[in-house]
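Subject: Structure with two ligands

Hello,

Here is the structure we talked about. Please open it alongside the notes that follow.

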Amino acid sequence: MPAADMGPQAPEHVAIIMDGNGRWATARGRPRLFGHQAGARRVSEIVAACPELGVRYLTIFAFSTENWKRTQAEVSGLMTLFRRYIIKEAQRLLANGVRVRFIGDRDRLDPKLVRMMDDLEELTRVNDLVHLTIAINYGGRDEVTRATRRLAREVAAGRIDAESVDAETLSRFLDTHTLPDPDLVIRTSGEARISNFLLWQSAYSEYEFVDTLWPDFTAEDFARVLAGFGKRERRFGAVLA
Ligand code: IPE
Ligand code: IPE
Ligand code: MG
């Protein structure tokens, strides 16, 4: 659906909790990693659909700070998948005008993966059509904690006056400091919870929970959810005339 059909209400920033890969694979009698591979292919499809749908910012939850609790085999399989995704998609993302950023704590990630993430950010820095942000080892509480730690250091060093700290100050220390807040957060797989995703940033986001498992979530499904968003009335605490 062209952006024009959705009127002025097309969400500028959509965030997605891509959930259900494991159940999708299990339902097919396959290992969970098979589901993650299918999920990665969906990412490419959804990213490619963004320009036509008028989505300028897309933020996707790929690995949470809690996902380390999974088996070592699944965790290392996912890390390998992230490296493969970068290798496979880098040139296409560059050619398609996608600027890639990563959010989350990089300290616990393999240095080789971190280097590839840095390189992809650098490579696509020139792009401005779609801003794709991939959350790896990301947790909302962890992000706010790290931001607070850095802010506290600035206060302790006398560079920021504690009394001047407001919400905007803290926002500048978040991983997402260059991004607008998400207008719409989508979670697939039927779970209705946010699982520590963009806690601060989604204060006024609309939520859409869809039953479809992530590997089955097509560009058409995405367009349908976005069209539904266009009909919502966002009040931000005010009373609209
Ligand atoms: C989401 O799918 C991907 C990651 C969390 C990495 P899951 O792996 O959580 O799939 P389910 O929820 O077990 O089906
Ligand atoms: C959230 O999904 C994290 C990602 C999609 C990366 P989970 O599957 O980890 O969340 P819970 O455990 O169901 O809350
Ligand atoms: Mg899950």
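A polar contact here is a pair of N or O atoms within 3.5 Å; within protein, one must be able to donate a hydrogen and the other to accept it, and residues adjacent in sequence count only if both atoms are side-chain atoms. This is a predicted model, where local features need pLDDT of at least 70, side-chain atom pairs count only at pLDDT 80 or more, and totals for chains, interfaces and linings use all residues. Residues are numbered from 1 along each chain as written, chains are lettered from A and ligands numbered from 1 in the order written, and side-chain values use heavy atoms, with hydrogens and water left out.

Ligand 1

A polar side-chain atom of Asp 19 is 2.8 Å from an oxygen atom of ligand 1. Arg 70 places a side-chain N or O atom 2.7 Å from a ligand 1 oxygen. Asn 21 uses a polar backbone atom, 3.2 Å from an oxygen of ligand 1. Taken alone, ligand 1 exposes 380 Å², and the protein buries 86% of that (Shrake-Rupley method, 1.4 Å probe; for residues, only the protein chains shown count as cover).

The shell holds 13 residues, of which Asp 19, Gly 22, Arg 23, Arg 32 and Arg 70 come nearest (a residue is near if one of its heavy atoms lies within 4 Å). By class, the ligand 1 shell has three nonpolar, five polar and five charged residues. Ala, Val, Leu, Ile, Met, Phe, Trp, Tyr, Cys and Pro count as nonpolar, Asp, Glu, Lys and Arg as charged, and the others, Gly among them, as polar.

α1 (21–27), α2 (32–53) and α3 (72–95) each supply at least two residues of this shell. α1 gives the most, with three. Helices (H or I, at least four residues) and strands (E, at least two) are DSSP runs, numbered from the N terminus.

α2 has 22 residues and spans 31 Å from first to last C-alpha, close to the 32 Å expected at 1.5 Å a residue (1.5 Å times one less than the number of residues). Just after α2, Gly 54 has a positive phi of about 80°.

Ligand 2

Ser 195 has a side-chain N or O atom 2.6 Å from an oxygen of ligand 2. For Arg 193, a polar side-chain atom lies 2.8 Å from a ligand 2 oxygen. Arg 70 also has a side-chain N or O atom 3.2 Å from an oxygen of ligand 2. Taken alone, ligand 2 exposes 390 Å², and the protein buries 78% of that.

Residues around ligand 2 include Ile 17, Asp 19, Phe 61 and Arg 187. Strand β2 (residues 57–64) gives the most to this shell, with three residues. The classes are five nonpolar, two polar and four charged.

Best wishes
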